[in-house]
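Please read this briefing alongside the sequence and the structure, which are shown just below. The points are grouped by topic.

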Amino acid sequence: MISLQTALTFFVIAAGLAVTPGPDILFVLTQSALYGARAGLATTLGLMSGLFVHTSLVALGVAAFFQHSPTAFLLLKIAGAVYLLYLAWLSFRAGAMLALGEQGNFIGYAALYRRGLFMNVTNPKVSLFFLAFLPQFCSPERGSMAAQVIQLGLLFLLATCLVFGLTALLSGRLARRFNDSPKAQMIMHRLAGLVFVGLAACLAFTA
């Protein structure tokens, strides 16, 4: 069982990391700006579910497999990059439809949840980050290391959920402003597509 002081220190650090610009918070921001705050919250829930998967992998020791297997790490990284490029294509296509005067359809909250989940799970760097980060706050004297990792992972989820939730609510205001303007929606979709391409490149070409 982690101590209260450790929990508070870890929570503050986790919140600071969540605020740092990265693929997950950019994903929440773009989806919220396109479809509204609820869409951003649905995306956030998907991302949080992915973080719980990574926490479980670290607790079970599976993340160490990716650390010592370059092939498995590369394959999962490629899968994540391909999925991000697929999301980029969907965004560009939606922008093209709006440019032709066609009305795009909202994909639904369940689809946004699945996008967040799959995007996070297929990023092996999250597991490796947790593998390096979480044990620093664990101690054998406090009992099961796996249980401590789970507790820290849940604290990380809570901090990230608060930051991403606030991001969704704030950026969701853009959607209300742009909903009545097909041209603005077209621009937002194309910007989202560029963001996805950039995230795919970062995932694919960074070690």
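What follows is a short account of the overall fold, then of the largest pocket, and then of selected residues.

The structure is a predicted model, and the values given here are computed from its atoms. The protein chain contains nine helices and zero strands, and of its 207 residues 45% count as buried.

**Overall fold**

- Read from the N terminus, the elements of the protein chain follow the order α-α-α-α-α-α-α-α-α, in keeping with a count of nine helices and zero strands.
- When contacts in the protein chain between residues at least 6 apart in sequence are considered, 85% of them join residues at least 24 apart.
- The protein chain exposes about 10500 Å² of surface, and carbon and sulfur atoms supply 71% of that area.

**The largest pocket**

- The largest pocket holds about 610 Å³ of space, and its lining is made up of 26 residues, with Gly22, Pro23, Asp24, Asn123 and Val126 lying nearest its centre.
- The elements that each give two or more residues to this lining are helix 1 (4-19), helix 2, helix 5 (70-99), helix 6 (109-121), helix 7 (124-133), helix 8 (145-178) and helix 9 (182-205).
- Helix 7 gives the most to the lining of the largest pocket, contributing four residues.
- Sorted by class, the lining of the largest pocket comprises 16 nonpolar, eight polar and two charged residues.

- Ala7 has its place in helix 1, and it counts as buried because its relative accessible area of 15% falls under the 20% cut-off.
- Although Ala7 and Gln151 are 144 residues apart in sequence, their C-alpha atoms are 8.8 Å apart in space.
- Once the neighbours within four places in sequence are left aside, Ala7 is in contact with Ile2 and Leu155.
- Ser32 belongs to helix 2, which covers residues 23-35, and Ser32 counts as buried because its relative accessibility is 0%.
- A polar atom of the Ser32 side chain lies 2.7 Å from the backbone oxygen of Val28.

**Helix 3**

- Helix 3 spans residues 37-60 and includes His54; Gly46 also lies in helix 3.
- Gly46 is buried, since its relative accessible area is 0%, and, when residues up to four places away in sequence are not counted, Gly46 touches Tyr113, Gly116 and Leu117.
- The C-alpha atoms of Gly46 and Tyr109 are separated by 10.0 Å, while the two residues stand 63 residues apart along the chain.
- His54, with a relative accessibility of 1%, counts as buried.
- Not counting residues up to four places away in sequence, His54 touches Asn120, Val121, Asn123, Val126, Ser127 and Phe130; of these, Asn123 and Val126 are also among the residues that lie nearest the centre of the largest pocket.

- The C-alpha atoms of Ala79 and Thr122 are separated by 6.5 Å, with the two residues 43 residues apart along the chain.
- Met186 is found in helix 9, and Met186 counts as buried because its relative accessibility is 14% and buried means under 20%.
- The C-alpha atoms of Met186 and Arg93 are separated by 9.7 Å, and these residues are 93 residues apart along the chain.

How values were computed
Residues numbered from 1 in each chain as written. Predicted model: local features only at pLDDT ≥ 70, side-chain atom pairs only at ≥ 80, totals over all residues. Heavy atoms only, no water. Buried < 20%, exposed > 50% of the residue type's maximum accessible area, 1.4 Å probe, protein only. Polar contact = N/O pair within 3.5 Å; in protein donor to acceptor, adjacent residues only side chain to side chain. Contact = heavy atoms within 4.5 Å. Areas by Shrake-Rupley, 256 points an atom, 1.4 Å probe, with all protein chains shown as cover. 1 Å grid on protein atoms, 1.4 Å probe; cavity = no way out; pocket = protein on both sides within 12 Å on 5 of 7 lines; lining within 4 Å. Points joined across faces, edges and corners; volume = space filled by probe spheres on them. Nonpolar A, V, L, I, M, F, W, Y, C, P; charged D, E, K, R; others polar.
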